[in-house]
Amino acid sequence: MVGKTESQNGAVKATAAPAMNLESDLFSNFSFKSFKLKTKQQELLLRVSILGLVYILAFITRLFSVLRYESMIHEFDPYFNYRTTLFLTEKGFYEFWNWFDSESWYPLGRIIGGTLYPGLMVTAAFIYWTLRFLRFAVHIREVCVLTAPFFASNTTVVAYFFGKEIWDSGAGLVAAAFIAICPGYISRSVAGSYDNEGVAIFALLLTFYLFVKAVNTGSLAWALASAFGYFYMVSAWGGYVFIINLIPLYVLVLLITGRYSMRLYVAYNCMYVLGMLLAMQIRFVGFQHVQSGEHMAAMGVFFLMQVFYFLDWVKYMLSDTKLFQAFLRITVTSAIAVGALALGVGTASGYISPWTGRFYSLLDPTYAKDNIPIIASVSEHQPTAWSSFMFDFHILLFLFPAGLYFCFKKLSDATIFIVMYGLTSMYFAGVMVRLILVATPAVCLISAIAVSATIKNLTSLLRTKSKTAVAGSSKGTGGSKASSKASFDQSQPFQKNGAIALLLGAFYLLSKYATHCTWVTSEAYSSPSIVLAARGAHGNRVIFDDYREAYFWLRQNTPPDAKVMSWWDYGYQITAMGNRTVIVDNNTWNNTHIATVGRAMSSYEDEAYEIMRSLDVDYVLVVFGGVTGYSSDDINKFLWMVRIGGGVFPVIKEPDYLVNGDYRVDKGAAPKMLNCL
Amino acid sequence: MGVRRKMALRFDLIIFTILLFASPVLSDLILSKVDRRIDLTSQIVRITSTLKVENEGSEPVSEVLLAFPDLQVKDLALLKASPHEGKGKVKSLSASLPVENVKPNGMPAALTFYAVKLPKALGKGDSYTFDVLAVFAHALRPFPEKITQADIQLVVFQESAFYLTPYVVKVQSLSVKLPESRIESYTKLENTKIHGSEIKYGPYENLPSFSYSPIVVHFESNQPFAVGQEVVREIEISHWGNVQVTEHYKLVHGGAQNKGEFSRLDYQARPTIRGASAFKYLIAKMPPRVHSVYYRDEIGNISTSNLWGDSKKTELLIEPRYPLFGGWRTAFTIGYGLPLKDFLFELEGNRFLNITFGSPMNELVIDNLIVKVVLPEGSGDISVSAPFPVNQWEETKLSHLDLTGRPVVVLQKTNVVPEHNQFFQVYYKFSKLSMLREPFMLIFGFFSLFVAGIVYMHVDMSISKSSAAYLARLQWDEVQAAIQQVENVINRCLTTHDKLEASLRDLSRTGDVQACKAARKAADGLLKELSKELKLVLSFLQSSSAASQILPKVEELVAKEKDLQEKVMAKHSTVVDCYEKKTGIRDSENRVAAQQQKITALRQEVENLLELIDEI
């Protein structure tokens with residue numbers, strides 16, 4: 001019975017894993033037999049070489065974009081990161097830290113040092129300086145382009161160790177291979193997508209791994225390491241909020257399920273206190289750890305831990321249970337009262353800031369749509385469609401529940417963690433498209449557990465069979481274990497064939513996964529989005545490089561102090577490639593300013609001229625894709641300009657631009673639409 | 001028109017003053033025939049004059065003076081004189097005559113003089129014919145100065161219809177060649193003919209020295225007015241077989257300024273009408289066997305380029321990101337590799353690089369050209385020979401795997417035209433051994449990396465040697481070693497058993513009881529030794545606290561093995577006994593079969609245990 005359910009599970013789960021892994025698994029098993037004396041070294045060698053191959057695979061699979069196009073920075077935000085990195089390498093760290101950028105958000109300007117996560121830039125600059133020191137005369141652009149693939153490779157190593165920590169080394173290897181080519185992760189880490197997420201996922205996984213390790217060992221050293229990992233994560237990406245909420249949640253769950261231990265106490269306290277202090281060194285984060293509502297959960301759990309520890313101690317000191325019960329009641333009540341009071345006073349006095357809009361929109365997907373159009377206007381912030389789940393995870397989507405089953409079957413501190421990580425991140429991935437990225441490592445790890453466990457079961461089935469078969473043929477049956485063996489033998493033909501079939505099925509699915517990932521990477525995720533490529537009539541490639549043409553024209557042929565107005569999407573690119581001052585850019589910190597631009601764009605020409613004169617604008621950049629059939633031009637984004645503009649200036653009303661509730665751009669469009677800028 | 005006339009007037013005045021102060025002719029040379037051809041087909045003005053000098057005086061003369069007004073001299077990019085070799089061969093570079101700037105006494109101040117040294121002094125009545133090529137870089141002025149996208153570009157050129165010279169000219173003629181037959185206006189003098197796109201003046205006879213008659217031509221020219229404001233060429237030599245050339249261009253369209261707006265749609269629909277004055281592409285003529293060509297700028301690769309070539313030359317067509325209208329700028333970089341053996345030669349222990357000076361672009365005027373020759377690290381004794389005067393200094397450059405930096409020779413020249421594209425040489429000394437330095441550095445680097453890895457694996461890095469965890473780890477290592485030993489011993493025991501079995505099989509085949517007994521004896525001895533060893537290790541394991549977890553398993557293993565050993569021995573004895581006593585084989589087989597079963601079972605168990613322990 002058990003065997004049957006298991007094999008069924010296998011059929012469902014044993015979906016995918018790169019062919020390499022499966023083979024290696026089988027191979028290690030075979031070599032295990034033939035070289036009995038040196039098994040350990042053999043296994044180590046195999047493991048290291050597989051890991052090395054996965055490492056290289058993770059790197060080269062992300063180079064599609066360089067081969068297809070060129071070594072260039074992609075999309076929008078990476079251009080800002082590139083520009084700041086350039087500044088950092090040229091001027092040094094202190095200049096960078098104190099940089100007031102007058103080229104963006106004209107006439108307000110932006111304090112760069114205090115409003116960005118410097119982790120990525122510092123990392124790239126550090127790599128650059130190291131290479132320079134080793135006498136490799138590389139260009140900073142190449143370093144920036146290859147930073148994300150490099151960190152993706154490092155992530156595979158971390159995934160291996162994480163998998164090893166929560167399950168076994170086989171699961172670690174499979175996890176490493178999964179994450180190396182998982183499209184959900186590749187989408188943010190191809191060569192050229194020089195964005196915070198590239199290093200942040202590495203930092204995220206590293207922090208989690210180190211924390212789980214700390215919980216498993218109770219060692220201060222690991223907790224310290226995880227605090228540093230957390231520090232790196234805070235310096236790299238705003239997604240650190242996920243860590244600072246997930247870990248307390250996890251600790252809380254452990255407390256509730258009665259898994260509290262000294263190890264947990266050491267790990268959490270060390271990590272929280274040090275991590276918090278370190279995180280305060282990042283100027284953009286500052287004192288948020290003690291002031292913002294999003295970080296209060298961590299603090300609450302921290303105090304709860306102390307209360308727990310104190311109670312433990314009191315319980316140890318008071319041998320009398322009755323007395324302890326009474327004491328418990330008093331302490332818990334007063335602790336909760338004090339906590340609630342502190343929170344209430346803090347919130348009321350404004351010391352503790354309430355949750356931000358993005359945080360709300362995570363918990364309540366409809367919140368942004370109703371209240372903050374600027375968040376809703378970003379396509380990355382839309383709720384995820386089912387198809388994109390399938391696209392990004394492929395078979396991992398089916399392996400995920402199977403992996404959860406295995407985790408629940410063998411419950412430990414570590415598996416509880418990965419289960420919680422997987423479930424919460426899956427929820428967030430459903431709310432926002434871009435958060436699929438956060439869910440990817442968890443999905444990979446859990447699926448890896450499923451694959452590894454299934455394959456291990458199947459292969460061990462095969463192995464025992466072959467052994468008994470040998471024993472049986474050598475001479476006769478019977479003896480003390482005759483009966484058990486006989487039963488084994490009876491089930492053999494069916495089981496053996498079944499196992500082989502399942503293994504082949506798993507192999508097939510895993511290879512499908514590998515091909516799917518490669519296809520997705522090469523077709524969907526390797527486009528820089530600034531250069532467009534299409535197939536010409538004769539199968540030749542046609543490249544539309546109009547963006548860069550425009551930016552380069554701005555750079556060469558406008559006065560150096562010219563101000564350019566455009567919709568905020570293009571802000572970073574204009575400053576980085578055009579080297580000119582912009583009114584608004586992708587760092588959408590000032591909604592009013594953006595709304596002003598939106599208003600200018602959607603007003604009649606004479607009104608727009610007034611607004612632009614007041615903003616001191618010299619040039620206006622408008623993207624029109626009608627000639628080449630490029631769909632994401634400004635006409636397409638126009639409704640958002642209207643909505644965001646209307647959010648601040650009630651003069652602008654969305655219905656003015658619509659005809660019977662439809663958005664039209666042809667002759668039948670609304671008069672206001674036709675006559676606006 | 002007004003502007004043009006005014007300019008001409010100004011020019012006139014200058015010449016007039018010149019003439020006022022003109023002193024009589026220096027020597028008795030006369031120019032018996034002057035034939036001038038002005039080529040205006042591109043933005044570069046080339047004036048080729050064929051002069052026939054005759055000495056009418058008595059003293060031999062070896063110098064001929066050429067005069068240019070200062071206004072022209074500032075645009076003068078190149079002046080070259082060469083012996084006349086008949087028509088069509090004017091550009092021959094083979095034997096040019098030396099030309100130098102001179103300041104003869106008593107000459108008008110607004111003129112600049114150059115002296116051409118004749119190959120041999122002219123005696124009385126001798127004559128000599130030679131060509132003078134003068135190339136001007138910015139002599140064409142756009143008029144009107146601002147045009148819209150749809151306008152065509154008109155330019156103005158002015159010269160004198162008569163050859164400006166300190167000598168008397170007997171016969172002279174002038175022809176002006178224009179790019180297109182569309183001429184807005186031109187100065188009409190006597191004897192002026194127009195022939196398609198060519199205007200002819202002359203012949204004029206017997207004009208006194210310094211005679212001057214300004215002419216102005218106003219015509220259409222849509223040729224690319226590509227001006228390189230600054231071009232940096234970097235030529236890097238690698239002795240591993242490559243000459244890498246990197247050229248950084250800062251271009252501007254030097255023609256009429258664009259005014260009004262630029263409509264991409266109009267341009268794309270009718271590029272010849274709605275963008276006639278724009279220049280769309282440049283063609284670079286590169287040496288054959290050029291490889292790894294790239295074309296990019298600060299923000300990335302530029303995809304609009306084409307490369308084709310044959311065995312004699314390679315042509316690269318590059319388009320800027322946008323069509324350049326008047327006054328627009330662009331900047332880009334092209335780079336290519338050349339085979340070393342085509343350009344680097346050895347001469348008496350010296351090496352020298354022989355490569356062209358100018359940019360490979362067609363019809364490009366460069367205001368400021370900087371050529372940097374990067375020699376390999378460790379070169380010395382550097383010297384340069386260039387066919388024309390250049391500014392020169394040295395720098396160093398740090399590149400891949402450099403410790404001290406590579407020596408760089410920098411040559412700088414202003415006002416460069418395609419005629420400057422001549423070979424120049426850089427001589428230097430470089431020892432072959434230095435070539436091996438970089439590979440050795442790499443080898444050493446990787447070697448030290450591995451050494452560091454080995455050292456790290458073998459050195460005990462723990463800080464406190466007395467901490468519990470550290471001791472426990474040490475102990476655990478010892479225990480593992482001991483267990484490994486146990487496994488070894490057991491495995492050897494198992495092989496001994498196999499040997500015994502083999503001897504039994506031999507026995508059944510050959511019936512040689514003695515050999516079998518000998519094998520038994522040897523096995524006995526071996527097993528005894530092994531059991532001694534095992535005892536030693538076991539006692540260690542029993543004493544060690546770290547092994548307490550695994551000890552029961554190990555003990556079980558040892559016990560099982562002992563059991564197995566006894567069984568095998570018993571079986572062996574039985575079989576041998578049977579053979580010795582010649583008892584019924586069937587009887588013995590029955591007994592042996594029973595024993596055999598137990599042995600197989602035991603062996604299986606032992607192997608399972610071994611595996612189990614191994615996995616721990």
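Me: What should I know before we start?
Reply: It's a predicted model, where local features need pLDDT of at least 70, side-chain atom pairs count only at pLDDT 80 or more, and totals for chains, interfaces and linings use all residues. Residues are numbered from 1 along each chain as its sequence is written, chains are lettered from A and ligands numbered from 1 in the order in which they are written, and side-chain values use heavy atoms, with hydrogens and water left out.

Me: What makes Asn154(A) buried or exposed?
Reply: Buried means under 20% relative accessible area, exposed means over 50%, and partly exposed is in between (1.4 Å probe, protein chains only). Asn154(A) has 15% relative accessibility, so it counts as buried. This residue lies in helix H8 (residues 140–166) of chain A; helices are DSSP runs of H or I with at least four residues, strands are runs of E with at least two, and both are numbered from the N terminus.

Me: And how do you know what Asn154(A) is in contact with?
Reply: Contact means heavy atoms within 4.5 Å. Leaving aside neighbours within four places in sequence, Asn154(A) has Tyr55(A) and Phe202(A) as contacts.

Me: Why is Glu380(A) called partly exposed?
Reply: Its relative accessibility is 25%, so Glu380(A) counts as partly exposed. You'll find Glu380(A) in the loop between helix H20 (373–376) and helix H21 (386–393) of chain A. Beyond neighbours within four places in sequence, Glu380(A) is in contact with Arg188(A), Met432(A), Val433(A) and Arg434(A).

Me: How do you know whether the span of helix H22 of chain A agrees with what it should be?
Reply: The expected span is 1.5 Å times one less than the number of residues. H22 (residues 396–409) of chain A has 14 residues, so it should span 20 Å, and its end C-alpha atoms are 19 Å apart, which agrees. Among the buried residues of H22(A) are Leu396(A), Phe400(A) and Cys407(A).

Me: What makes strand S3 of chain B largely enclosed?
Reply: Seven of the nine residues of S3 (residues 61–69) of chain B are buried, so the rest of the structure largely encloses this strand.

Me: Why are S3(B) and S6(B) said to pair?
Reply: Two strands pair if DSSP finds at least two bridges between them. S3(B) and strand S6 (residues 111–122) of chain B have eight bridges, in the antiparallel sense, so they meet that definition. As an example, Val64(B) has Val116(B) in S6(B) as its bridge partner.

Me: How is chain A divided into domains?
Reply: The bounds come from an automatic or database domain assignment. Chain A gets domain 1 (37–194), domain 2 (195–353), domain 3 (384–462 + 496–518) and domain 4 (543–675).

Me: What is the area buried between domain 1 and domain 2 of chain A?
Reply: Buried area is the accessible area (1.4 Å probe) that two parts lose on being put together, summed over both. For domain 1 and domain 2 of chain A the area is about 2,400 Å², with carbon and sulfur atoms giving 66%. On the domain 1 side, Tyr117(A), Phe162(A) and Glu165(A) lose the most area to domain 2 of chain A, together 31% of what that side buries. In contacts, 31 residues of domain 1 of chain A meet 26 residues of domain 2 of chain A.
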